[in-house]
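Please look through the structure shown below, and keep it in view while reading the paragraphs that follow.

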Amino acid sequence: MKILVVCLGNICRSPIAEGVLQQMAVEAGLGWQIASAGTNGYHTGEAPHKYSQKICRQNGYDIGAQRAARFKVSDFDTYDLIYVMARDVYNEVKQLARTEADLQKVQFFLEELFPGEKREVPDPWYGNESGYEPVFQLIKEGSEAIIAKHKIITYKENF
Ligand code: 4NP
């Protein structure tokens with residue numbers, strides 16, 4: 001399965017999610033490829049924000065090699081699932097969907113943790129360093145919920 005995680009700038013939230021979800025998927029034995037993107041192109045080509053890199057490093061995840069990319073329509077063809085961090089991102093991605101099938105791929109990242117609530121991962125970009133720790137924890141819990149759901153599905157498919 002190929003999964004894309006999308007936020008606005010692709011330098012604060014979705015790089016954390018890409019790093020955490022990818023490592024957890026490997027550890028769970030799921031052959032997933034995780035990538036991330038942003039709906040605005042302001043930071044294309046840049047490494048993740050220094051505080052996103054720092055909080056990940058402190059928790060055993062190295063995201064330093066990632067580079068920001070802008071979300072594009074062809075991503076609907078490339079990816080099986082597109083996780084968005086917040087409602088503004090959801091709306092922008094939704095506008096680019098060409099078909100109902102495209103639209104069906106778009107989910108809130110926290111959907112598995114808080115089903116039906118359309119809960120957002122807050123954007124730490126506008127605050128100071130202290131905002132990155134709770135964002136990291138929320139993304140980690142969301143990632144665990146995504147992995148747990150798919151491990152159950154994979155288990156059922158094999159029996
Ligand atoms: P992100 O945070 O969407 O979590 O990467 C942002 C980073 C940069 C901007 C907005 C949000 N920006 O407008 O430059």
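The paragraphs below go from the sheet to the nonpolar cores.

This is a predicted model, in which local features need pLDDT of at least 70 and side-chain atom pairs count only at pLDDT 80 or more, while totals for chains, interfaces and linings use all residues. Residues are numbered from 1 along each chain as its sequence is written, and side-chain values use heavy atoms, with hydrogens and water left out.

Four strands form an open sheet in the order β2-β1-β3-β4, with parallel pairing; strands (E, at least two residues) and helices (H or I, at least four) are DSSP runs numbered from the N terminus, and two strands pair if DSSP finds at least two bridges between them. Because β2 (33–38) and β4 (106–108) stand at the edges with a single partner strand each, one side of each has no neighbour in the sheet. Between β3 and β4, which run parallel, there are three bridges, and Tyr 83 has Gln 107 in β4 as its bridge partner.

The largest nonpolar core has 33 residues, and among those with the most contacts inside it are Trp 32, Phe 109 and Ile 139. Such a core is a set of buried Ala, Val, Leu, Ile, Met, Phe, Trp, Tyr and Cys residues joined through side-chain atoms within 4.5 Å, where buried means under 20% relative accessible area (1.4 Å probe, protein chains only). The largest share of this core, seven residues, comes from α6. Leaving aside neighbours within four places in sequence, Phe 109 is in contact (heavy atoms within 4.5 Å) with residues including Val 5, Leu 21, Tyr 83 and Ile 146.

Conventions:
Buried means under 20% relative accessible area, exposed over 50%, partly exposed in between (1.4 Å probe, protein chains only).
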